[in-house]
Amino acid sequence: MSEPKACTTKPRVVCCVGDTHGFYTKLQNLWSNLQTTIDPSDFNAALIIFLGDYCDRGPDTKKVLDFLISLPSKYPNQRHVFLSGNHDLAFAAFVGVLPKPLDGSEFSVAWKEYEANEEREGWFKGDGYERMHLQGRRWAGSIKDKFNAAKNTQYKGSIYDAGPTFASYGVPHGSADLVKAVPDEHKKFLADMVWVHEEDDVCIETEDGIKHCKLIAVHAGLEKEKDVKQQLEFLRARDTRVPKIEALSGRKNVWNIPKELTENPTVVVSGHHGKLHIEGLRLIIDEGGGMEERPVAAVVLPSMKIVRNTDVLAN
């Protein structure tokens, strides 16, 4: 493994913001705390990477998207990256703004792999379902068993807990009327989300000083047993032929940094996992997990400082 290079010029600040899940007030408070924590000139020139899952579970998805869409005009000298989470991909699928499969096939071709789950998950069968990506059907479905044993909570409408997202746009869960209720600027935001973001040069603080690294931001992570170059090409292309995108929805299989990335020091930052976990250059920033009682967090580079919406800071 090669050593990271030392950083000699003042490094750019990078903020990686964890899953918001419809909690607008938490997002507002986190943003305010980032502004307070970071030097104003650094904050105004920062790279802000949102790690995905803007919708579902919390009550205010519509307001969250309004907030995110407003940032480039309010902070024109910042760079903003909006990664797609698995929840956002499913939302985009339902409102019909996912890119079409690269091979020209229909989304329905890929349903078969998971059709054994259709009855239990109550896949959406309303207007437009015939041309819908699998995750859109699951997202707007009505799950049969309303209790989520893994989380000890009740599902909110579907396996994705999409009920509050529908409600934030003023329509009942599972209604095809959502397609008309979502404003065009929100559809554009959902259509434009990226599946991966790469930086060739970010700085992080280590025990040996500030070092240069590459950075890959992806909602869940990269698969450990697959060629990294091929994974990145697939994610850049947003290839929707695949019914389940492991880099956006995997768990144990995307937890660690793939071995080949350890040869050239690379930060891999994700949300998704319902945990705050920092181990070497693997950063998982999802302290909230969409749970009302838990905070939304961000990590600030190069300092590696964790900032939360719940922090009480002196202005």
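The legends below describe close-up views of a predicted model.

Because the model is predicted, local features need pLDDT of at least 70, and side-chain atom pairs count only at pLDDT 80 or more, whereas totals for chains, interfaces and linings use all residues. Residues are numbered from 1 along each chain as its sequence is written, and side-chain values use heavy atoms, with hydrogens and water left out.

**View 1. The annotated domain spans residues 14-121.** The UniProt record, an unreviewed entry, names this feature "domain: Calcineurin-like phosphoesterase". UniProt positions follow the numbering used here, feature names are shortened, and annotations may be inferred rather than shown by experiment. Over residues 14-121 the chain is 43% helix and 11% strand. The end C-alpha atoms of this stretch are 39 Å apart. Helices (H or I, at least four residues) and strands (E, at least two) are DSSP runs, numbered from the N terminus.

**View 2. The largest pocket holds about 920 Å³ of space.** Of its 39 lining residues, Arg57, Asn86, Ser249, Arg251 and His272 are the closest to its centre. The elements giving two or more residues to the lining are α4, α5, α6, β5 (147-148) and α11 (246-249). By class, the lining has 14 nonpolar, eleven polar and 14 charged residues. A pocket is an open set of points on a 1 Å grid over the protein atoms alone, with protein on both sides within 12 Å along at least five of seven lines. Lining residues have an atom within 4 Å of a point. Grid points are joined across faces, edges and corners, and a volume is the space filled by probe spheres set on the points. Ala, Val, Leu, Ile, Met, Phe, Trp, Tyr, Cys and Pro count as nonpolar, Asp, Glu, Lys and Arg as charged, and the others, Gly among them, as polar.

**View 3. The largest cavity holds about 40 Å³ of space.** A cavity is a set of grid points where a 1.4 Å probe fits but cannot get out. The count comes to one cavity of 30 Å³ or more. Its lining consists of Ser84, Leu89, Leu98, Pro99, Leu190, Ala191, Met193, Trp195 and Arg238. Seven of these residues are nonpolar, one is polar and one is charged.

**View 4. Helix α9 (residues 184-192) has five named buried residues: His186, Lys187, Phe189, Leu190 and Ala191.** Buried means under 20% relative accessible area, exposed over 50%, and partly exposed in between (1.4 Å probe, protein chains only). The cover over the buried residues of α9 includes α3, β4 (79-82), α4 (86-94) and α8 (178-181). Leu190 and Ala191 also line the largest cavity.

**View 5. His133 sits in the loop between α5 (118-121) and α6 (134-139).** His133 has a relative accessible area of 3%, so this residue counts as buried. Not counting residues up to four places away in sequence, His133 touches Leu89, Ala93, Leu98, Phe107, Trp111, Thr240, Val242 and Pro243. Contact means heavy atoms within 4.5 Å. Leu89 and Leu98 are also among the residues lining the largest cavity.

**View 6. Phe67 lies in helix α3.** Phe67 is buried, with a relative accessible area of 11%. Leaving aside neighbours within four places in sequence, Phe67 contacts Tyr24, Leu27, Gln28 and Trp31.

**View 7. Ile143 is in the loop between α6 and β5.** Ile143 is buried at 1% relative accessible area. Beyond neighbours within four places in sequence, Ile143 is in contact with Arg120, Glu121, Tyr155, Gly157, Ser158 and Ile159.

**View 8. Asp53 takes a positive phi, near 60°, in a residue other than glycine.** Asp53 is in the loop between β3 (47-50) and α3 (61-74). At 2% relative accessibility, Asp53 counts as buried.

**View 9. Strands β10 (residues 276-279) and β11 (residues 282-285) pair in the antiparallel sense over four bridges.** Two strands pair if DSSP finds at least two bridges between them. Ile278 has Leu283 as its bridge partner in β11. The hairpin has two residues between the strands, and Gly280 takes a positive phi near 65°.

**View 10. A cis peptide bond joins Leu301 and Pro302.** Its omega is about 10°. Pro302 lies in the loop between β12 (297-301) and β13 (305-308). Met304 is also in the loop between β12 and β13. Phi of Met304 is positive, near 65°, in a residue other than glycine. Met304 is partly exposed, at 21% relative accessibility.
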